[in-house]
Amino acid sequence: MKKYIALLLVLIMALSLAACGKADENNETFVSTAVAEDETSKAETTVADTTAKADETETETSAEKAESKIPETPMEIIEAYTTVMNKAKDEKVGFKKAEWQSLPSDANSRVVSKGGTLVNIALNAANNFMTDEATAKKNPDVYEKGGDMKDFPIRNTPYGCTLTEKDLDKIETIKCEELKNGNYKITIVLKSEKNPEPAPEGTGNSPSFTGRLITPISKKQIDENLNGGIVSAVAKDIVYSLTFHDVTSVVEYNPETNQIVKLEQTTRVTVSGSGKIGLAEMVVDKQELVNDKYIYDLVY
């Protein structure tokens with residue numbers, strides 16, 4: 001996975017980008033994707049207003065059993081989502097992946113209180129280090145069946161999801177819908193979290209609830225880049241934060257086989273920070289950073 005210099009650019013402005021030159025191919029980026037709404041028949045279920053769990057019995061009719069298969073409570077939905085993700089990871093599925101990024105520049109997405117000219121030039125130039133949706137979908141990454149599943153869908157864990165009952169209050173909305181084609185679609189949207197970290201190597205779980213659903217950008221890794229080499233020589237007094245919000249994961253799967261049809265994830269990060277390049281002080285009060293991820297054509 002790639003960690004794009006555009007993120008560092010948001011934090012340390014134009015000259016850092018010029019000094020660093022290119023993206024680091026060996027580091028990670030956050031995962032995500034914008035999701036088109038399918039026509040469905042079930043209403044959204046929120047954590048706050050759904051707590052009851054339907055009982056299943058062996059005396060149900062076939063129609064009743066088909067209905068009862070649809071996860072209804074938040075915990076049932078998490079368990080179903082985890083089962084589907086674990087199956088894909090355990091079986092080392094093959095798949096295609098398209099991933100793209102954007103730095104929105106509208107007034108609601110970008111607020112700069114100092115150094116506006118340089119910051120805006122730098123942020124606009126950051127698009128050169130990103131992939132647009134059309135290019136990503138035209139040239140997807142192809143992963144053969146039986147390959148390394150370390151990054152699917154969360155990093156450094158043998159599991160596909162590590163959210164538990166303790167994380168229910170960290171979920172903004174959660175729902176499971178039956179589509180017209182008979183597949184189920186699970187949508188999970190998380191609440192905001194500041195500076196989440198992915199699972200450390202060898203631990204199997206993230207200390208952050210965001211990192212139990214996706215792989216967030218690691219602030220620790222960014223700090224390592226900022227504290228050495230050309231970046232630290234050019235930019236000084238760097239202070240910043242990453243607030244992940246509206247992190248969304250959507251999976252469509254076959255309920256009879258628990259096989260994924262497609263996985264779409266969207267991560268939105270509000271970056272805020274300040275720093276100096278020479279005597280010039282720059283303050284980014286807000287810059288939205290969006291990364292989209294689309295996984296499809298899975299081979300079991």
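Start with a ring cluster: ring pairs link Phe 95, Tyr 143 and Phe 152. A pair here means rings of Phe, Tyr or Trp (its six-membered ring) with centres within 6.5 Å; planes under 30 degrees apart count as stacked, over 60 as edge-to-face and the rest as tilted. This is a predicted model, where local features need pLDDT of at least 70, side-chain atom pairs count only at pLDDT 80 or more, and totals for chains, interfaces and linings use all residues. Residues are numbered from 1 along each chain as its sequence is written, and side-chain values use heavy atoms, with hydrogens and water left out.

Back to the rings. A search of the whole structure gives four aromatic pairs. Take Phe 95 and Tyr 143. Their ring centres are 4.6 Å apart and their planes meet at 15°, so this pair is stacked. Phe 95 sits in strand β1 (residues 94-102), Tyr 143 in strand β3 (residues 141-143), and 48 residues separate them. Strands and helices are DSSP runs, numbered from the N terminus: E of at least two residues for strands, H or I of at least four for helices.

Is Phe 95 buried or exposed? Buried, with a relative accessible area of 6%. The cut-offs: buried is under 20% relative accessible area, exposed over 50%, partly exposed in between, with a 1.4 Å probe and protein chains only. Tyr 143, at 32%, counts as partly exposed.

Next pair: Tyr 184 and Tyr 253. They are edge-to-face, 5.8 Å centre to centre, with 85° between the planes. Tyr 184 belongs to strand β5 and Tyr 253 to strand β7, so the pair ties together parts 69 residues apart in sequence. Tyr 184 is buried at 4% relative accessibility. Tyr 253 is buried too, at 3%.

Lys 219 lies over the face of Tyr 240, 4.3 Å from the ring centre. The test asks for NZ of Lys or CZ of Arg within 6 Å of the ring centre and within 35 degrees of the ring normal.

Now strand β1 itself. Seven of its nine residues are buried, so β1 is largely enclosed by the rest of the structure. Which way does β1 pair with β9? Antiparallel, over eight bridges. Strands pair if DSSP finds at least two bridges between them. Gly 94 has Val 299 of β9 as its bridge partner. On to β3: β1 and β3 run antiparallel, joined by three bridges. Here Lys 96 stands opposite Val 142.

Let's go to the core. The largest nonpolar core has 50 residues, and those with the most contacts inside it are Tyr 81, Ile 186, Leu 213, Val 251 and Ile 260. By nonpolar core I mean a set of buried Ala, Val, Leu, Ile, Met, Phe, Trp, Tyr and Cys residues joined through side-chain atoms within 4.5 Å. Elements giving two or more residues to this core include helix α4 (74-90), β5 (184-190) and β7 (235-254). A second, separate core has five residues, among them Ala 98, Trp 100, Tyr 294 and Tyr 296.

What does Leu 213 touch, leaving aside neighbours within four places in sequence? Its contacts include Tyr 81, Ile 154, Cys 161, Leu 163 and Val 247. Contact means heavy atoms within 4.5 Å.

Asn 86 is in helix α4. Asn 86 is buried, at 18% relative accessible area. Beyond neighbours within four places in sequence, Asn 86 is in contact with Tyr 159, Gly 160 and Cys 161.

For contrast, go to Ala 233, in helix α8 (residues 229-234). Ala 233 is exposed, with a relative accessible area of 55%. Its C-alpha atom is 9.3 Å from that of Ile 277, 44 residues away along the chain.

The overall view. The protein has eight helices and nine strands. Of its 300 residues, 50% count as buried. Of the contacts with a separation of 6 or more, 75% come from residues 24 or more positions apart.

Last, confidence. The mean pLDDT, the predictor's confidence in each residue from 0 to 100, is 81, and 76% of residues reach 70 or more. Residues 11-46 fall below 50, yet this stretch has 137 contacts in the model beyond near neighbours in sequence. Residues 50-66 are also below 50, with 17 such contacts. Where pLDDT is low, the predicted coordinates should not be read in detail.
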